[in-house]
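Colleague: Please put the model up, and then I will ask about the sheet and a few backbone angles.

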Amino acid sequence: MNQNYHKIASTEIWTVNTIDPILRLLEFYRDIESFESKNTPILLCNQLLQLIENLMSWTEKEKKNNKASFKLLLSPISPENSFMLVKNEEFSSTAIKLFTINSIITSQPTFCEQTEKWIKNNISKSSLLSGSAARERFKFFQSMKNKVNNLMEKFEQKEMY
């Protein structure tokens, strides 16, 4: 699936809070000692930092791994769930990620049309981070890196005790 994602052009809308549910989940599992190893949360944080670096590179170049076009927008609206609209000339499908584990996927035309309208409206209110918005892009990605690094520091301090 990862290889297919790199081949398909996409426009993504993120918020300043997009990675927060992931960070809260990592912290929760670390707090209840559900990781097999004490190093696992640190490893996952490092992988998240790598994902942020990749996303930052794609956003700057406006391409995923020098293949498909990529645009990233920063939305002032923070929906609690993630929405994805997949569309071509013949078919539309909408997926809604509910919290961390459940999803709804539908191809019902009216729902897909309404989702597309909502997404376009959200895009019109969002800031484009791709291409030339260097200062805003830097601030956005630095903020995400800081959140991950702060969580890693908590994990490392907890291991000392």
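Modeller: Strand S1 and strand S2 (residues 70-74) pair in the parallel sense, over five bridges. Keep in mind that this is a predicted model.

Colleague: In what order do the three strands of the open sheet lie?

Modeller: The sheet is open and its pairing is mixed. Strand S1 (10-14) and strand S6 (127-128) are the edge strands, each pairing on one side only. The order is S1-S2-S6.

Colleague: Which residue in S2 stands opposite Trp14?

Modeller: S1 covers residues 10-14, and S2 covers residues 70-74. The residue opposite Trp14 is Leu74.

Colleague: What angle does the direction of helix H3 make with that of S2?

Modeller: Helix H3 spans residues 40-61 and packs on the sheet, where it touches S1 and S2. The angle between the directions of H3 and S2 is about 105°.

Colleague: Is Glu33 buried or exposed?

Modeller: Glu33 sits in the loop between helix H2 (20-31) and H3. Its phi is positive, about 55°, although Glu33 is not a glycine. The relative accessible area of Glu33 is 64%, and the cut-off for exposed is over 50%, so Glu33 counts as exposed.

Colleague: How is Glu62 classed by its relative accessible area?

Modeller: Glu62 is in the loop between H3 and S2. Glu62 is another residue other than glycine with a positive phi, near 60°. Its relative accessible area is 31%, which falls between the cut-offs of 20% and 50%, so Glu62 is partly exposed.

How values were computed:
Residues are numbered from 1 along each chain as its sequence is written. This is a predicted model: local features need pLDDT of at least 70, side-chain atom pairs count only at pLDDT 80 or more; totals for chains, interfaces and linings use all residues. Side-chain values use heavy atoms; hydrogens and water are left out. Two strands pair if DSSP finds at least two bridges between them. Helices (H or I, at least four residues) and strands (E, at least two) are DSSP runs, numbered from the N terminus. Contact means heavy atoms within 4.5 Å. Axes are lines fitted to C-alpha atoms, for helices over the stretch in contact, and angles run from 0 to 180 degrees between N-to-C directions. Buried means under 20% relative accessible area, exposed over 50%, partly exposed in between (1.4 Å probe, protein chains only).
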